[in-house]
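Dear colleague,

I am writing to hand over a structure for your studies. Please find it below, followed by an account of what was found in it.

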Amino acid sequence: PGPSLSQVRSLPGVGRLLTDGRTSVTLKVKMPAKDQGFTEDQVEDFKEVFQLFDTKGDGLIQVSQVGEVLRALGTNPTEGEVKKLVQSTCSVDGPDTRVTFEMFLPMLQDVSSKPIRDTVDDFVEGLKHFDKEGNGLISAVELRHLLTGLGEKMTEEEVELLIHGKEDSQGNINYEDFVKMVLAQ
């Protein structure tokens, strides 16, 4: 099987690190300027990463891996964006659908040309609405509820990994520090 997304990490200034527990691959991928296409070298780099996810060696990946490959290449599309891309690209969209690199490349172009919308300030501003006392803190219970119940829902385990050790003695979390920590990962 291809690399697990849980084992893909960003390395600031370097790229992405993929590991399956036995081998590691560091990807030095530089995304193009918003108004440019990809260079030949970039396309070759992208193809190498794509091939890491090609478990059958036939030049195709499972449609369910499109989001993983996009994220391994330094983009950060939501699950909804990935679904729209796949639906607009693939005439058949079932769990067994497979995607060629030629079908994948326009999807990568599409997500890499979108500006990064979410900033620390945007998230902090959103969490301020839950800061009842205006002191920069949100209860860990409420933050857990938000992360598991709204938007792209996280699992209890994912939330626990993020929140663990961040609570103060009253069970509150400094949400600005929390957002900075999450976005730095």
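On the face of α3 turned away from its buried side are the exposed residues Lys83, Lys84 and Ser88. Please keep in mind throughout that this is a predicted model. The buried residues of α3, which spans residues 79-89, are Val82, Leu85 and Val86. These residues lie on the same side of α3, because they cover an arc of only 95° around the axis.

Which residues of α6 are buried? They are Ala140, Leu143, Arg144, Leu146 and Leu147. Their arc around the axis is only 165°, and they are therefore placed on the same side of α6. The face of α6 turned away from that buried side carries Val141 and His145, which are exposed.

I turn next to the salt bridges. Side chains of opposite charge can pair when their charged atoms come close. The count of salt bridges in this model comes to 7, and three of them are described below.

One of them is formed by Arg98 with Asp58, and the closest N and O atoms are 2.6 Å apart. Arg98 belongs to strand β5 (residues 98-100), while Asp58 belongs to the loop between α1 and β4 (60-62), so the pair ties together parts that are 40 residues apart in sequence. Are these two partners buried or exposed? Arg98 is buried, since its relative accessible area is 16%, and buried means under 20%. Asp58 counts as partly exposed, at 40% relative accessibility.

Another salt bridge joins Glu160 and Arg144, with 2.9 Å between the closest N and O atoms. This pair links distant parts of the chain: Glu160 is in helix α7 (residues 156-163) and Arg144 is in helix α6 (residues 140-149), 16 residues apart. Glu160 is partly exposed, its relative accessible area being 34%, whereas Arg144 is among the buried residues of α6.

A further salt bridge is found between Lys180 and Glu176, where the closest N and O atoms are 3.4 Å apart. Because Lys180 and Glu176 are 4 residues apart in helix α8 (residues 175-184), about one helical turn separates them. Both partners are partly exposed: Lys180 has a relative accessible area of 42%, and Glu176 has one of 36%. Elsewhere, salt bridges that share partners join Arg144, Glu160 and Glu167 into one network.

The residues Glu40, Asp41, Glu44, Asp45 and Glu48 form a negative surface patch. Of these, Glu48 lies in helix α1, which covers residues 40-52.

The other feature concerns Phe130. Where does Phe130 lie? Phe130 is in the loop between α5 (120-128) and β6 (137-139). With a relative accessible area of 27%, Phe130 is partly exposed. From C-alpha to C-alpha, Phe130 and Leu146 are 9.8 Å apart in space, and they are 16 residues apart in sequence. Leu146 is itself one of the buried residues of α6.

Yours sincerely,
A colleague

How values were computed:
Residues are numbered from 1 along each chain as its sequence is written. This is a predicted model: local features need pLDDT of at least 70, side-chain atom pairs count only at pLDDT 80 or more; totals for chains, interfaces and linings use all residues. Side-chain values use heavy atoms; hydrogens and water are left out. Patches are made of residues with over 30% relative accessible area and no salt bridge: like charges are joined within 9 Å, nonpolar side chains (Val, Leu, Ile, Met, Phe, Trp, Tyr) within 5 Å. Accessible areas come from the Shrake-Rupley method with a 1.4 Å probe; for residues, only the protein chains shown count as cover. A salt bridge is a side-chain nitrogen of Lys or Arg within 4 Å of a carboxyl oxygen of Asp or Glu. Lys and Arg count as positive and Asp and Glu as negative; His and the chain ends are not counted. The place of a charge is taken as NZ of Lys, CZ of Arg, CG of Asp or CD of Glu. Helices (H or I, at least four residues) and strands (E, at least two) are DSSP runs, numbered from the N terminus. Buried means under 20% relative accessible area, exposed over 50%, partly exposed in between (1.4 Å probe, protein chains only). The arc is that of the directions from the helix axis to the C-beta atoms.
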